[in-house]
Amino acid sequence: MKKTMKKVLVLVLVLAMVFAMAACGKKEEPVEEKSAVQTAIEAAQKMTLAELEEAAKKELEEHPDLVFNADSLTSGIKKALAGFEKKYEWAAGKTAYNSKKGSEYQPKLIAAQKANSYIADFVMIQDASFLKNAMLDTGFLRSYVPAGEGIEIAAEDQNPLVGVTFNKVFMYDNTTVGADQLKNVWQMTGVDGATLKGVNNVSFQNPLGEDINMSFLIMLTSPAACEKLTAAYKSYFGTDYDGSKDDYENIGYKFVAEFVKNVGHWHSSDSSEVKKINTYNEDGRILFAGLCKLKDYEFYKKDYKDTDMYYTKTVTAGGWNNDIEGFDGFVYNMWTLIPDTAQLPYTACLFINYIHSEEGYAAGWGGVLGYYSSNKNIPSVDGDPALSVWKEQCVVEDVEYIDSVYATAVKFINMQLAGVK
Amino acid sequence: MKNKQPLGNRLKSYFSKPANVICIIFLVILLATVVLPLLTLLIGSFTVNGNQEAIYIGQGVMDGDFTFNHWKELLTSRDFDYALIKFWRPLGQSTVMALLACLVAVGFGGVVAWFITRSDLPGKQFISTIFVFPYIMPSWAMAMFWENFFKNTQINAGAGMLEGMTGICVPESFVYGLFPCAMSLGLHYAPFAYILIGGILRNMDANLEEAATVLKASRFKILRKVTLPIVMPALISTVLLVFSSSISSFTVPFFLNKSSISSGNNFISISVQLRSLINTGFTKGQGYVLAIILMLFSIGILTLNNWFTGSRKSFTTVTGKSGQVSLVKLGKAKPFVAAVLFIIVAFFAIMPLVSFAMESVLEVPGDWSTFTLRYWLSSEGFEGSNKGDTIGILRSSIMWKALGRSLLLSIIVSLIAGTFGLLIGYAVAKKRNSKLATFVSNLAFFPYLIPAMSFGAVYLALSYTKGFTWLDGSFILLMLVGSIKFMPFASRTGTSAMLQLSGEIEEAAIVIGVPWIKRMTRVLFPIQKASFISGYLLPFISCMREMSLFVLLAASYTTLVTTVLQEYSRTGLSQAANAINLLIIVVVLVIQFVVNKLTGASIDKGVGGN
């Protein structure tokens, strides 16, 4: 009995020791070490503008061999950098703008993220799904929320930080075609409605080469877009949409199928196509393109290029409609972020602060319609509705939705593009 | 019992032959520079590439997991007919397009090459000089010209040149879709066929044809039994290069696909599908699958090529004994043939240049009242359209620096690629039945088959890897990538030229104790100078106008002229983009002229332009 007791005791002691050792050896929950950039952003977040300016100046002075690299697919950043250098003389000649097209820049960002290497001090990118899944979830791109006098960013635009918002709308030659041609989105399926006639002359950039257009088509199948489409359907055909009469998953899929089939012209570049709007009177074509591209429409350049009227004339010659039943277009963002491997994080924070200020925004995108600052205090240009209005009237990019339906929606869209019934 | 030499002696004997040393050196170089991207593509086709792809596949997979999903999805998915639409149908249509392009390129280029080299056609030099212009231009330039010429109001595309001049409206399928894509690509690559086939025809020993004539063979029989077999390696090489280039061309099918879907004329090529798959984070792996399959296609043609050049058939045409070329007399047809050729060649070679020049000086396309030289000469920023601080391209220091960098890069790349190609050609010719030589030769061709964007992406990843970060954005990286990517041009021309050379020529030099370097530089190179210079000029031209390959790799301090062009194009300044295009062509022509003056050789002279 004693022996047995001894054995039990030994066993208990051994087990106790094992558990004790295991307990001692048990690692504590790993505390994620903050990167230098994270620490700098957190510090910058608590600074006044003057303090941030001082920190950025000191940072640049301490690293005379470094240049503040800003990567972006919009040349607005180039102009904003020029304004930044003008305002902060100590930064003059120490900034560089690198023009990067989205699809070509993404592999570069992924390579830098995987190797945790330096790529730039500031980046401005689009494509919500790429941003979320490849850059934010991996902690490679970080947000600094600008603050200070005159800057007010909505909570939903803060993380990730929206820099500038864009929209793509349906444009036409305002001198001959006019707004009356397109009043309801269902016209663009080519089918006649109760009172309105279908149109079959929409020009659309192939979504296989333009990601934003693919996102637009995917978003048309979302619940929010379906709601808009259902109301417009009733108004156009005079009856409620009855989903049981066809095989589509929802009214959005039906619209996509009929819209794609009815596109009359597939263009290869929005920028080039906008320049041809004056030739659209031949067939009354309707062009789906970025509203900001209207600045490239040069129809009136010959007569007005040296006058104050040039811009006004240009954007009124090419028109767009803000009263289309259904939706007026597509709204999407470009985000302004700091890579986790940035070498000049305080300068990046100051630059982000600058482009969200009235002065900085004016330097980069001011005076042009189709650009909208995430700073609620900066209004859109005269004649262009406020961003909140556009968001209400347009289909808005939503990363969660795109991720959730991508595989199915893209296959469906591919089938429509191939003309398979 | 077999008397075996000691290993040391055998190695010494093996390495005493220059061809063996070349094979071993290039085996090592190519394994490091070509197999790496190939493996990356292959691995990428079996792994989950990023979080977006994991979302697409679902089933709880994570980034980096092994998966068969990309292959299964792309080749077999019946969900919304996905495999059929995304892969099988585009593959079939694109194969037809590429074969048609080959036919146009080989037919047009071959016929012109024959007239230039084997007939007494007048105006050869002029025709020969301008015939290479379409190859110097980017391929989409021909597509743009095709559309501008044939578009018409009946298909709601605006009046084109043909309609303006004659009132003729061609059907939509002639302006947009598969047929015009094949024609544009065929015309773009016709000079390539002309260079390769013409090089052989020019150097062909006339005694062979004369012997056949003496033996009373008919002209057709001579063509079939003598001329065609001799040009066969060049013909197959041309088909291989044109097919691979055409099937992977993105810009032409993307530009010329404007028809509505209901017209039935809408054509989505396999390259457009490839680009859309690779550029989207959700389907990168499927893009890699497609790239691999396209490579397998080309490997099939490569095998055919090897069968022709590697079998016992001999294609020796240059014996060093006769330089006589007897020209076929065209007789009364001479002026007619000359006029027709002149009109056709000038039309496709000069008109696109004219259209570039016109587009660069008009504010509004087609409206001469908006004539301006500011996109060339203005020292002030382009006002009115908020384009920033862009100035006339001839006054822009950014443009000049980029042009200088492109020139330097292209010269270095052509020297490296050209020399590598020549050496590989020598090794292949010397060791024609050796498996190692065939392997090295095939490996040297592989970079051509890897899509430029993928090739660039692999080297981009390398430049971010520890120990290689010094390469990031550097000029050395551009040089390395350019030299490897454009080596196939040089290795093909080098091999074709070397295979033509009779072994007796070098053997004679060996007998009298001429060292290898001297044999190469004093004997072999001078005999086939024209073909070898082509091997240097082709990588030069390709490098000067390359965009996709370098776009990922060039940094702001290594900007090239094509990246500046792309920037203008992207910001809607098509006038400045057209001006740069024209400038690139002019620069290449000037370089060709200088090379011609210095060495007496040029691309077209290599064929027989004088």
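Strand 5 and strand 8 (residues 286–290) of chain A run antiparallel and are joined by four bridges; strands are DSSP runs of E with at least two residues, helices are runs of H or I with at least four, and both are numbered from the N terminus. Two strands count as paired if DSSP finds at least two bridges between them. Opposite A:Lys168, strand 8 of chain A places A:Gly290. The model is a predicted one, in which local features need pLDDT of at least 70 and side-chain atom pairs count only at pLDDT 80 or more, while totals for chains, interfaces and linings use all residues. Residues are numbered from 1 along each chain as its sequence is written, and chains are lettered from A and ligands numbered from 1 in the order in which they are written.

A:Lys168 also has a bridge partner in strand 10 of chain A, namely A:Phe330. Strand 10 (residues 329–339) of chain A is antiparallel to strand 5 of chain A, with seven bridges between them. Strand 11 (residues 371–373) of chain A is likewise joined to strand 5 in antiparallel fashion, by three bridges, and here A:Thr165 is partnered by A:Tyr372. Strand 9 (residues 318–320) of chain A contributes three bridges to strand 5, again antiparallel, with A:Met171 and A:Trp320 as bridge partners.

A:Thr175 lies in the loop between strand 5 and strand 6 (202–205) of chain A. This residue is partly exposed because 16 other C-beta atoms lie within 10 Å. A:Ile277 is 102 residues away from A:Thr175 in sequence, yet their C-alpha atoms are 9.9 Å apart in space.

Turning to the domains, the assignment for chain A gives domain 1 (36–164 + 333–381) and domain 2 (167–332 + 400–417); such bounds come from an automatic or database domain assignment. Their contact takes 11 residues from domain 1 and 11 residues from domain 2, two residues being in contact if their C-beta atoms, placed from the backbone, lie within 7 Å. On the domain 1 side that touches domain 2, helix 5 (102–115) and helix 6 (128–136) of chain A each supply at least two residues. The centres of the two domains, taken over C-alpha atoms, are separated by 32 Å.

Methods:
Buried ≥ 20, exposed ≤ 12 C-beta atoms within 10 Å, placed from the backbone.
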